[in-house]
Amino acid sequence: MNPNSSNRPAGTLETRLSEIERLLGTDPRRAEALAAAVLAEAPGHSMALLFQGMARRLAGDPAAAIVILRPLCEQFPEAPLPHLQLGLALRETGDDKKALDAMRRAVHAKPDFADAWLALVHLLTTLGAAETADAYASYIRHAMQSPVLQSAEAALRENREREAETLLRKRLEGHPRDVVALRLLAQVAARVRRLADAEVLLLECLRLAPAYREAREDYASVLVRQARPGEALREIEALIQEAPGDAALETRRAAILLQLLDYEGAAAAYTDLARKRPGDAGLQASLGHCLRILGRSDESVEAYRRAISLAPASGEAWWNLANLKTYRISDDDLAAILEQLENPGLGDADRLRFHFAAGKALEDRQQYEEAFRHYSEGNRLRRRGTPYTPTPLHEHVERSCTLFTREFFAGRQGWGVESDAPIFIVGLPRSGSTLVEQILASHSAVEGTTELPHVPVLVNELAARLGADAIWPDCLVTMEAREFRELGEAYLERTRPWRKLGRPRFIDKLPNNFENVALIHLMLPNARIVDVRRHPMACGLSLFRHLFAHGQHFSYSLEDIGSYYGAYLRLMMHFETVLPGRIHLVSYENLVRDTETEIRCLLEHCRLPFEEACLHFHENARPVSTPSSEQVRSPIFSEGLEQWRHFEPWLGPLRNALAASSRDSIAPGG
């Protein structure tokens, strides 16, 4: 009988053998006793002999196991499991040479025998053998034959992260060199935003198996999520060198170049990819995005047009085209958009983008009621896929207003890093922050970057380091001066790759950093903070009309926008009280109406001498990555200040939410 097969005696004997197999992992001595009882009734029974040998080894007597397993291997030379068990027993007695031979026989008999390959890896690693890398490659190729890893992967796929983590940690207790388990555990950690843990696991994975390409790709992804795209780029480029022409890797490389603000490099990469894969609509859309950032509007339109011709039902391509501020959707285009919306097979992801595109086209035609209907339907679909609850933000504001008093900041005066290089622009998206950034970036001493993710990444890392019991932002109260100095130094170091011009000052324009003003002040007390504020109805409508690529989940409901604006306003008014003069308020409306006066005040707050170039910001040809890139390349015009009133009949939910959230929600200049 082949001891590797499932051909076992039926009935009572089958039940007893199943019980023995179950006990091997929990009570090997009991398993051996039961196996001996079976062999007394059925001498020479192959499965009973195999289980008896395994039980002896697991009970700590490998020499006795060898006595049983060696004859079994001779009797069944092509059976992989006895050879694996013999190899394990021989290794435990110190006979590595014979153990190596037995394990090789196991994988020769069954090339996809994952556990045998892993055991062979362990032994070869101990021996320092050159073939360890090949053995690891074979294990990685066949690892998912393991029932434990199959279960863990299924749990991860079904969002049962805790179950997956339990299975994988138990697996690693017995098999610490299981690189596939390490990679899956890193995926669990990344899924729950424990990115530092994921990085450690993947580094260990790559230390053991440097050629494990999937792990290296995961490592690059974790680096990107930690706002370290420069390091990620090195990993991706190393993979590309090993496998030239890998389109997926080259596409990832182009996306990372975008993050590093190498827009010319990204555009060149996407151009090359689009030439190699002329039928890929997604590449054309990405190329169009790069060209828009670079201010090459006509070429951007052409790229989006090519994307649409390749994939007419792509809502993303149509929305990108419609969202160009210097382009007007034609009547034929609008008819094509509305025709797609009649397609019952259109998925929600594309359908909502078509609704936003239709809304923009109809608004341009001053058909405001119909435009609002499309915006509303697009927002409804987006909100269904990205639910939002305002509770965490309001709780954060409440805690911040309680914790961060004048006395709190006075007791920490002088903490952090002295550098005055950063200028933080905060507020709400669509408030005019890109315009303020463009004005400042036109100064010879200031470099514009983008919406840098580093402060939120530091917040997440800090929360992970402090543990599950830490409550944000309460934990800032117990932190010491040294910790804030280290955070400030980390921020300056991590933002260095984005500072390409060597100017003494740089801009971090992430609007949502208004939530992190306390941390910014404590780690960088000399950094300038600018709050750009727009009339709440105008800002709210602009948010509602815009489809964000990611984040800003509050923006898909007028009620949530009003609530969010009120929370933002309350927090900023609190900081104006406890840190008087620390934050400079720019009213978008005042900036439009009295541009030079506002620019002079802004530069004075940032401790920058006035320069005429700041008045001519629209002549600055720097790349701008936000949706307002085309607007800031034009002079300021006041016609848009009251544009929200075209939609006023349908903005009651926004007005009511603003009133309920804050009685002082009307911004200066409004």
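Is Gly282 buried, partly exposed or exposed? In this predicted model, Gly282 is partly exposed, because its relative accessible area is 39%. Buried would need a value under 20%, and exposed a value over 50%. Gly282 belongs to helix α17, which covers residues 281-293. Thr126 gives a sense of scale. In sequence, Gly282 and Thr126 are 156 residues apart. In space, their C-alpha atoms are 48 Å apart.

Turn now to helix α3, residues 46-58. This helix has 13 residues. From first C-alpha to last, α3 reaches 18 Å, close to the 18 Å expected at 1.5 Å a residue. Of its 13 residues, 10 are buried, so α3 is largely enclosed by the rest of the structure. What lies over them? After α3 comes Gly60, with a positive phi near 95°.

Next come two helix pairs. Two packed helices are described by the angle between their axes and the distance between the axes.

Take α18 (residues 297-310) and α19 (residues 315-322). Their axes come within 9 Å and cross at roughly 155°. That angle makes α18 roughly antiparallel to α19, because the cut-off for that label is over 145 degrees. The crossing of α18 past α19 is left-handed. On the α18 side, the contact uses Val301, Tyr304, Arg305, Ala307 and Ile308. These meet Ala317, Trp318, Asn320 and Leu321 of α19. By class, seven of the contact residues are nonpolar, one is polar and one is charged.

The other pair is α20 (residues 331-341) and α21 (residues 348-364). Here the axes come within 9 Å and cross at roughly 145°. α20 passes α21 in a left-handed crossing. Which residues make the contact between α20 and α21? From α20 come Leu334, Ile337, Leu338, Gln340 and Leu341. From α21 come Arg351, Phe354, His355, Ala357, Ala358, Ala361 and Leu362. By class, this contact has nine nonpolar, two polar and one charged residues.

Definitions and conventions:
Residues are numbered from 1 along each chain as its sequence is written. This is a predicted model: local features need pLDDT of at least 70, side-chain atom pairs count only at pLDDT 80 or more; totals for chains, interfaces and linings use all residues. Side-chain values use heavy atoms; hydrogens and water are left out. Helices (H or I, at least four residues) and strands (E, at least two) are DSSP runs, numbered from the N terminus. Buried means under 20% relative accessible area, exposed over 50%, partly exposed in between (1.4 Å probe, protein chains only). Axes are lines fitted to C-alpha atoms, for helices over the stretch in contact, and angles run from 0 to 180 degrees between N-to-C directions. Angles under 35 degrees count as roughly parallel, over 145 as roughly antiparallel, 65 to 115 as roughly perpendicular and the rest as oblique. A crossing is left-handed if the near helix is turned anticlockwise from the far one by less than a right angle, and right-handed if clockwise. Contact means heavy atoms within 4.5 Å. Ala, Val, Leu, Ile, Met, Phe, Trp, Tyr, Cys and Pro count as nonpolar, Asp, Glu, Lys and Arg as charged, and the others, Gly among them, as polar. The expected span of a helix is 1.5 Å times one less than its number of residues.
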